[in-house]
Amino acid sequence: MTAVPAAQPRVAFTDEMKAEFKALLGDRFTTAAAVREHHGKDESYHPNFPPDGVAFAASTEEVSAIVKLCAKHKLPIIPFGTGTSLEGGVAALAGGICIDVSTMKEVLRVSPEDLDVTVQAGVTRKQLNEHLRDTGLFFPIDPGADASLGGMASTRASGTNAVRYGTMRENVLGLTVVLADGRIIKTGGRARKSAAGYDLTRLFVGAEGTLGIITEVTLRLYGIPEAISAAVCPFNDIRGAVDTVIQTIQSGIPVARIELLDEVQMDAVNKYSKLDYKVAPTLFFEFHGTAAGVKEQAEMVSAIAAENGGTEFTWATRPEDRSKLWQARHDGYYAALALRPGSKGWPTDVCVPISRLADCILETKKDIAESSMLAPLVGHVGDGNFHLVYVIDPDKPEELAEAKRLNDRMVDRALAMGGTCTGEHGIGYGKMEFLEKEAGDAFAVMGELKRAFDPDNRMNPGKVVRI
């Protein structure tokens with residue numbers, strides 16, 4: 001299991017402190033064991049580290065007041081959205097107060113003419129798109145889980161649409177952030193470009209709550225495409241599938257989504273979602289644009305796939321069929337766990353330059369084949385990102401050790417190919433050692449930034465960087 005990094009000594013949480021938080025928030029502050037347990041763990045195999053208390057904030061000003069009270073008592077602060085992170089990012093490693101922003105669910109402003117929106121941090125992506133339904137606009141970043149937009153910004157989330165629309169990094173225009181001392185600042189703005197000063201927005205996007213708490217987010221929006229069509233295509237082997245992806249991207253075809261599922265994951269998806277696709281390495285595609293444009297994209301990709309051993313395309317053009325297809329893809333994690341009832345998942349990901357994708361995947365698959373591990377592979381391969389889920393019994397040290405060995409080899413392989421230790425899962429505390437290896441001397445600079453923003457190391461301590 002990943003070693004838990006040392007955080008600062010735990011501050012005893014006293015009855016007097018509890019009374020002050022209760023005076024501020026009333027019933028929206030709790031030390032109930034069940035609530036604390038829920039807020040001490042994400043969706044991964046990482047163990048539960050519950051906070052001393054959970055504060056449910058209703059506004060930016062209230063987050064600021066909570067942070068100031070935590071500063072007074074030197075208490076650590078852990079932001080919480082929906083808890084769908086995968087690298088231990090919400091674990092209260094040194095105790096402290098979890099600030100839950102899930103009740104901050106107001107869509108503050110929509111500007112259809114400017115294609116942007118401002119929301120409170122607790123608004124989820126599905127809630128936002130439901131709110132936008134009658135405007136002809138949508139927000140495309142789709143990590144699978146119905147995550148909060150504040151959490152998605154904080155973890156620099158990505159997902160199935162990233163190949164066309166980018167990640168949270170490209171789609172966050174501005175933020176409202178509460179700093180470690182309780183100050184409220186606004187970064188960025190609604191202008192589509194700016195040369196004014198340091199890009200603080202990009203600093204907080206992906207900081208995982210270690211520099212401040214995001215309370216409001218201004219986002220880019222996009223017009224709903226005139227036509228959308230999805231397709232599934234199985235391949236004779238995984239190299240043919242990956243080569244199809246590489247050639248599609250290199251040809252400049254503006255595909256919206258390209259997802260790879262290996263034969264193990266396809267078997268799991270069929271069983272879990274009651275589908276009957278061929279059990280083989282498979283690509284899921286989605287095309288956006290005009291009716292003529294979608295038809296042209298599909299024809300070009302079909303030709304490329306055929307040259308690489310792709311067999312017949314199965315099309316999903318009705319909204320309900322596309323929804324079923326992508327829900328099955330998003331349920332891939334739970335489908336993998338269902339292959340071994342009672343198991344836990346060790347999800348991990350890497351991202352490499354598109355030209356090295358086939359080599360990285362094939363070498364990783366070879367490692368898995370030579371081991372005893374069950375590890376389905378899926379990937380947002382249109383941007384070089386793929387994922388494994390090691391399906392493990394966490395009570396068996398030998399399985400944890402083998403998963404760690406394979407994961408270490410995969411990450412080292414990706415780094416050697418000019419890639420990154422995580423395309424979208426983030427660092428939390430689960431991948432800190434890999435970030436240090438990847439960043440080199442820049443890792444120390446990250447620590448210096450952390451000290452500048454959070455000199456007492458109270459903002460989500462023990463995550464991302466070591467200080």
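In helix α12 (residues 319-330), the residues Arg-322, Leu-325, Trp-326, Ala-328, Arg-329 and His-330 are buried, where buried means under 20% relative accessible area, exposed over 50% and partly exposed in between (1.4 Å probe, protein chains only). Helices (H or I, at least four residues) and strands (E, at least two) are DSSP runs, numbered from the N terminus. The structure is a predicted model, in which local features need pLDDT of at least 70, side-chain atom pairs count only at pLDDT 80 or more, and totals for chains, interfaces and linings use all residues. Residues are numbered from 1 along each chain as its sequence is written, and side-chain values use heavy atoms, with hydrogens and water left out.

**Helix α12**

- The 12 residues of α12 should span 16 Å at 1.5 Å a residue, and the end C-alpha atoms are 16 Å apart, which agrees; the expected span is 1.5 Å times one less than the number of residues.

**The seven-stranded sheet**

- Seven strands form an open sheet in the order β15-β12-β14-β13-β17-β18-β16, with antiparallel pairing; two strands pair if DSSP finds at least two bridges between them.
- The edges are held by β15 (314-316) and β16, each with a single partner strand, so one side of each lacks a neighbour in the sheet.
- On average, neighbouring strands of this sheet are turned by 20° against each other, direction ignored; axes are lines fitted to C-alpha atoms, for helices over the stretch in contact, and angles run from 0 to 180 degrees between N-to-C directions.
- Two bridges pair strand β13 (residues 257-261) with strand β17 (residues 377-380) in the antiparallel sense, and Leu-261 has Val-378 of β17 as its bridge partner.
- Helix α10 (residues 263-273) packs on the sheet and touches β13, β14 (282-289) and β17, its direction making about 95° with that of β13; touching rests on contact, meaning heavy atoms within 4.5 Å.
- Helix α14 (residues 357-369) also packs on the sheet, where it touches β13, β17 and β18, and its direction makes about 10° with that of β18.
- Strand β16 (residues 344-351) is largely enclosed by the rest of the structure, because seven of its eight residues are buried.
- Strands β16 and β18 (residues 385-392) run antiparallel and are joined by eight bridges, with Cys-351 opposite Asn-385 in β18.

**The four-stranded sheet**

- A second open sheet has four strands in the order β1-β2-β4-β3, and its pairing is mixed.
- In this sheet β1 (29-30) and β3 (77-80) are at the edges, each with a single partner strand, so one side of each is left without a neighbour.
- The antiparallel strands β1 and β2 (residues 53-56) are joined by two bridges; Thr-30 has Val-54 in β2 as its bridge partner.
- Helix α3 (residues 60-72) packs on the sheet, touching β2, β3 and β4 (97-100), and its direction makes about 175° with that of β4.

**Strand β10 and its partners**

- All eight of the eight residues of strand β10 (residues 213-220) are buried, and the strand is mostly covered.
- Strand β6 (residues 116-120) pairs with β10 in the antiparallel sense over five bridges, and Thr-118 stands opposite Thr-218 in β10.
- Strand β8 (residues 172-178) runs antiparallel to β10 and is joined to it by six bridges, with Thr-176 opposite Glu-216 in β10.

**Helix pairs**

- Helix α15 (residues 397-416) packs with helix α16 (residues 432-439) at an angle of about 20°, with the axes 11 Å apart.
- The helices α15 and α16 are therefore roughly parallel; angles under 35 degrees count as roughly parallel, over 145 as roughly antiparallel, 65 to 115 as roughly perpendicular and the rest as oblique.
- Residues making this contact include Asn-407, Val-411 and Leu-415 of α15 and Phe-434 and Lys-437 of α16.
- Helix α9 (residues 238-250) and α14 pack at an angle of about 155°, with their axes 9 Å apart, which makes α9 roughly antiparallel to α14.
- The contact between these two involves, among others, Val-242 and Ile-246 of α9 and Leu-357, Ile-361 and Lys-365 of α14.

**Two buried residues**

- His-73 is located in the loop between α3 and β3 and is buried, with a relative accessible area of 17%.
- Apart from its neighbours within four places in sequence, His-73 is in contact with Val-11, Met-17 and Glu-20.
- Gln-297, in helix α11 (residues 291-307), counts as buried at 7% relative accessibility.
- Leaving aside neighbours within four places in sequence, the contacts of Gln-297 include Arg-164, Val-255 and Phe-287.
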